[in-house]
Amino acid sequence: MKFNTKTIHGGQHHDPTTGAVMPAVFQTSTFAQTSPGKPIGDYVYSRSANPTRTALEAALASIENGAKGLAFSSGLAATDCLLRSFKAGDEIIAMDDLYGGTYRMFTRIYKDSGIKFHFVDMNNLDNVRSLINENTKMVWLETPTNPLMKLADIAAVAKITKANNILLAVDNTFATPYLQNPLDLGADVVMHSATKYLSGHSDVVAGALIAKTAELGEQLLFQQFATGATLGPMDCFLVLRGIKTLHLRMQRHCENGEKVVEFLSNHPKVKTVFYPGLVSHPFHEIAKKQMSGFGGMVSFNFVSGKKEDSVDFLEKVRLFTLAESLGGVESLANHPALMTHASIPEDKRKEVGITDDLVRLSVGIEDIEDLIEDLRKALE
Ligand code: P1T
């Protein structure tokens, strides 16, 4: 099945009794049993499984080419579930630019429980090789990164992790499986903030893990069931509905993203545009190799280098809504240093390049002429 068919049909079937094309929202916490331990159907209690969630999890596994999909109450809940696989003394190597909430979880929750994190520039994979020792248990990639659009060569990192028997996890939120398939490139598990492109309509907070093997899927399923951050039936329905148009939306996000990049790149007030589709982007060659398009996320900074210019721009945009989050049909604009990445200490932010004049755009699927006009006016 091709990807554009999988988004609609992957893992899905009509309801055998009613013929309903979409699964019902099984808004129930529990399921009747005929005798103790003998449920009527396959379900017992909605934390362990719920039919609407089963439908979404099958769709997730299908679009990411994995053996098992799991749906969580947020992206961070999904990451948290994966991290529970590790114990004090274990070491994890991650990229040096990550979503602020992921960085906060690594450094303020799990570091205190004895797990050691290394944050490295993955442009040079010797940075990864030189850190590996017998305690190294996972490499965590976010590619492209939020907000600097850095990339890691997934296949090259996978060679290293496989040779050393280390798990490779990829946060595929920005690219989505429409543009990039980490499990096909050698990753073991994919994570999503399904709040973003997968659901696509800014109406739900959700997360996902997709395991390459059934064995890893079972381990994560146990962790999910035992800790309980599962996604509710209505939210599962919304994500499932969103996935059905993922390919169409992503196509337009990419088209609009490229046009916004072209406009910004030629604007006298704009210094650098961060977008993997730009030939000048330091990771462009990797992007061409592992992504089938460049997406709708664009960051840029100002020639003046002034925070006031970025704030002034963000106060002036009208069609772009100033808000956290990304990946919805509507265009959003964000100030990473003051908003989504404020939890990263200032010196660390500056070190990686999240400057006070950096703006991040999530380019939506509106008419591109209206979007450009909005940006033009806000940059006046
Ligand atoms: O917000 P939540 O669904 O828990 O997902 C966390 C998360 C994980 N990974 C990436 C790459 C993300 O961008 C996010 C959430 N990001 C935002 C809310 C934001 O505006 O950047």
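Q: Is F117 buried or exposed, and what is its relative accessible area?
A: The model is predicted, with local features needing pLDDT of at least 70, side-chain atom pairs counting only at pLDDT 80 or more, and totals for chains, interfaces and linings using all residues. Residues are numbered from 1 along each chain as its sequence is written, and side-chain values use heavy atoms, with hydrogens and water left out. Buried means under 20% relative accessible area, exposed over 50% and partly exposed in between, for a 1.4 Å probe and protein chains only. F117 falls in the buried class, its relative accessible area being 11%.

Q: Which parts does the aromatic pair of F106 and F117 tie together, and how many residues apart in sequence are they?
A: Rings of Phe, Tyr and Trp (its six-membered ring) pair if their centres lie within 6.5 Å, and planes under 30 degrees apart count as stacked, over 60 as edge-to-face and the rest as tilted. F106 and F117 are stacked, at 4.7 Å centre to centre with 15° between the planes. Helices (H or I, at least four residues) and strands (E, at least two) are DSSP runs, numbered from the N terminus. Because F106 lies in helix α4 (residues 100-110) and F117 in strand β5 (residues 116-120), the pair ties together parts whose separation in sequence is 11 residues.

Q: What is the centre-to-centre distance in the pair of F117 and F119?
A: F119 is partly exposed at a relative accessible area of 28%, whereas F117 is buried. Their rings form a stacked pair with 15° between the planes, and the distance from centre to centre is 6.3 Å.

Q: Which residues form one aromatic cluster?
A: A search of the whole structure finds 10 aromatic pairs, including the stacked pair of F106 and F117 and that of F117 and F119. The residues forming one aromatic cluster are Y103, F106, F117, F119 and W140.

Q: At roughly what angle do the axes of α2 and α9 cross?
A: Two packed helices are described by the angle between their axes and the distance between the axes. Axes here are lines fitted to C-alpha atoms, for helices over the stretch in contact, and angles run from 0 to 180 degrees between N-to-C directions. The axes of helix α2 (residues 51-63) and helix α9 (residues 233-243) come within 8 Å and cross at roughly 35°.

Q: Which residues does S46 contact, leaving aside neighbours within four places in sequence?
A: S46 has its place in the loop between β2 (38-39) and α2, and counts as buried at 13% relative accessibility. With those neighbours left aside, its contacts are T28, S29, F31, R53 and T230.

Q: How far apart in space are G296 and H284, C-alpha to C-alpha?
A: G296 lies in the loop between α11 (284-290) and β11 (297-302), and counts as buried at 0% relative accessibility. G296 and H284 are 12 residues apart in sequence, and their C-alpha to C-alpha separation in space is 15 Å.

Terms used:
Contact = heavy atoms within 4.5 Å.
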